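Visitor: I have a structure to look through with you. Let us take it one question at a time.
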Amino acid sequence: MNIVALFENGTPEAPGAALDAYRGIATNAALLRWYVDPANVGLLCRAIREFSSDHFPAAVEIVLRAEDVSEEQTLVHDESELVPTLRRLHRAAGPQVRLQMTNGRSYVLPPPALDISTNALCGLSCSMCDNRVTSRDPATMSSADVRRLMDEAAAWGIGRVALTGAGEPLRDSNMLDHIEYANALGHMVTITTNGFPVSEKVAEALAERTVSVSVSIHGATEETHEAIVGVPKAGEKAWQAIGRLVRAKRRAMGSKLSVNVSTVIQRQNFREIPALVRRAREEGCDGINTQPINLQHGSFRGDDVLRRDDLARTAQLWPDRAQHAELEAMFDELDVVKREVDSFMHASPERLSLFRRYFRDSSRAALGITCRVGETFLAVDHRGQIKPCYRLPWSHGDARLVHVQRLWNSRAYARTRRLVDACPLTCMNNCFFRSGK
Ligand SMILES: C[S@@+](CC[C@H](N)C(=O)[O-])C[C@H]1O[C@@H](n2cnc3c(N)ncnc32)[C@H](O)[C@@H]1O
Ligand code: SF4
Ligand code: SF4
């Protein structure tokens with residue numbers, strides 16, 4: 001193959017020399033290999049714009065200089081400076097533009113958000129949830145640790161932190177300060193809450209921050225929500241939280257608070273989902289997240305991930321065969337509602353159709369999907385353990401001791417991505433899936 005390499009030995013400093021080198025490349029090459037650094041990344045943007053014209057090589061490989069310091073640590077040179085431009089290029093350019101490292105592996109851009117759990121404590125007992133703990137875990141990370149992680153994420157080029165994790169985020173008494181701190185670093189913040197801790201004061205404080213808050217509500221009626229979360233008055237409390245947030249947002253001029261409902265579709269509530277979408281809209285929310293219930297667990301055997309379904313819960317919470325006609329009718333109605341409310345419902349029509357198929361057969365083979373967490377997600381749990389996803393019992397060590405940014409493109413993490421690619425679970429978490437493979 002006719003390959004042209006540019007700037008392999010660095011970018012020449014003499015005025016105009018980099019541009020001359022670029023202009024001198026043979027335009028009939030099959031592949032242009034561009035060794036990127038901060039001195040030539042501007043020119044690279046221009047090259048990619050011009051690349052779409054017919055005169056240029058068929059493909060571009062953008063190569064970042066990288067050293068494998070150890071199995072778990074790879075140092076990518078100038079990464080933080082290059083990430084904002086590489087993200088833009090990656091979004092705009094087609095599949096003919098690849099990201100590579102000098103160590104021979106593909107380069108993976110940082111995840112769009114860092115997910116940090118600051119607390120696992122929660123007082124509710126939702127029938128589908130086994131994430132929470134009922135007393136504070138003494139091994140929970142300190143506030144200073146959480147802030148260091150947010151600093152690290154910002155320096156890496158990540159613009160969003162998700163502070164939900166396993167328990168109730170607003171049971172962490174430092175949560176409002178964490179959000180403020182994250183905003184000052186330029187992070188947008190997302191949290192999902194059961195709504196209990198949202199007093200008028202908390203709502204007002206949230207309206208002053210850049211944060212997307214989702215209140216978990218699992219039914220259009222208070223009774224259905226309470227039957228699922230197992231606590232009296234939980235429905236009233238959750239809608240009260242929505243009301244407080246919506247009013248606080250309206251009072252605060254130019255507020256960057258987004259108020260949403262999050263719901264988990266399951267046997268007890270599926271008939272109410274279209275009505276829930278409408279109610280969320282009437283109550284003044286900005287949107288609704290819908291997600292089907294997941295009752296799968298995973299474990300490792302050697303290099304394989306095994307799937308084990310929670311059969312006891314499935315028997316109680318998964319829509320049963322006799323309800324399938326009603327479930328199909330609900331999805332038909334939801335398609336109509338989606339057309340009515342459009343982007344208010346965050347799930348795309350394709351995702352809604354995936355949910356429908358998932359309730360018929362949740363196997364990966366039937367759904368024809370593969371998990372994307374290896375590229376789009378990275379979490380640190382409340383004990384500081386680095387988790388490629390929350391469903392599998394894995395850890396890449398303690399985030400306070402391991403440099404998270406250097407881990408992401410390491411040999412060890414490349415192996416993790418191969419496990420993710422072959423994972424037989426179908427978690428259905430928002431944005432984890434793409435078609436294919
Ligand atoms: C673990 S909770 C933590 C935040 C908060 N306590 C809440 O309930 O909003 C995060 C989200 O996961 C959802 N969830 C819990 N168990 C689930 C399951 N088995 N399948 C799908 N979603 C689930 C919850 O409803 C909630 O929207
Ligand atoms: S409120 Fe959230 S963390 Fe608590 S039990 Fe329900 S889903 Fe789990
Ligand atoms: S499908 Fe993805 S998110 Fe689910 S267990 Fe497998 S790797 Fe984790």
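Visitor: Is Thr193 buried or exposed?
Guide: This is a predicted model. Thr193 has 24 C-beta neighbours inside 10 Å. The cut-off is 20 or more. Therefore Thr193 counts as buried.

Visitor: Which strand holds Thr193?
Guide: Look at residues 188-193. Thr193 is found in that run. The strand is E9.

Visitor: Which residues does Thr193 touch, not counting residues up to four places away in sequence?
Guide: Contact here takes C-beta atoms within 7 Å. Glu168 is one of the partners.

Visitor: Which strands each supply at least two residues of the shell around ligand 1?
Guide: The shell has 18 residues. Among those that come nearest are Thr192 and Ser216. Two strands each supply at least two shell residues: E9 and E11 (257-265).

Visitor: How many residues in the shell around ligand 1 are charged?
Guide: Sort the shell by class. Eight residues are nonpolar and nine are polar. The charged count is one.

Visitor: What is the bridge partner of Asp68 in E5?
Guide: E4 covers residues 66-70, and E5 covers residues 73-76. The strands run antiparallel, joined by four bridges. They form a hairpin with two residues between them. The partner of Asp68 is Thr74.

How values were computed: Residues are numbered from 1 along each chain as its sequence is written. Chains are lettered from A and ligands numbered from 1 in the order in which they are written. This is a predicted model: local features need pLDDT of at least 70, side-chain atom pairs count only at pLDDT 80 or more; totals for chains, interfaces and linings use all residues. A residue is buried if 20 or more other C-beta atoms lie within 10 Å of its own, exposed if 12 or fewer, and partly exposed in between; C-beta atoms are placed from the backbone. Two residues are in contact if their C-beta atoms, placed from the backbone, lie within 7 Å. Two strands pair if DSSP finds at least two bridges between them. A residue is near a molecule or strand if its C-beta atom, placed from the backbone, lies within 6 Å of it. Ala, Val, Leu, Ile, Met, Phe, Trp, Tyr, Cys and Pro count as nonpolar, Asp, Glu, Lys and Arg as charged, and the others, Gly among them, as polar.
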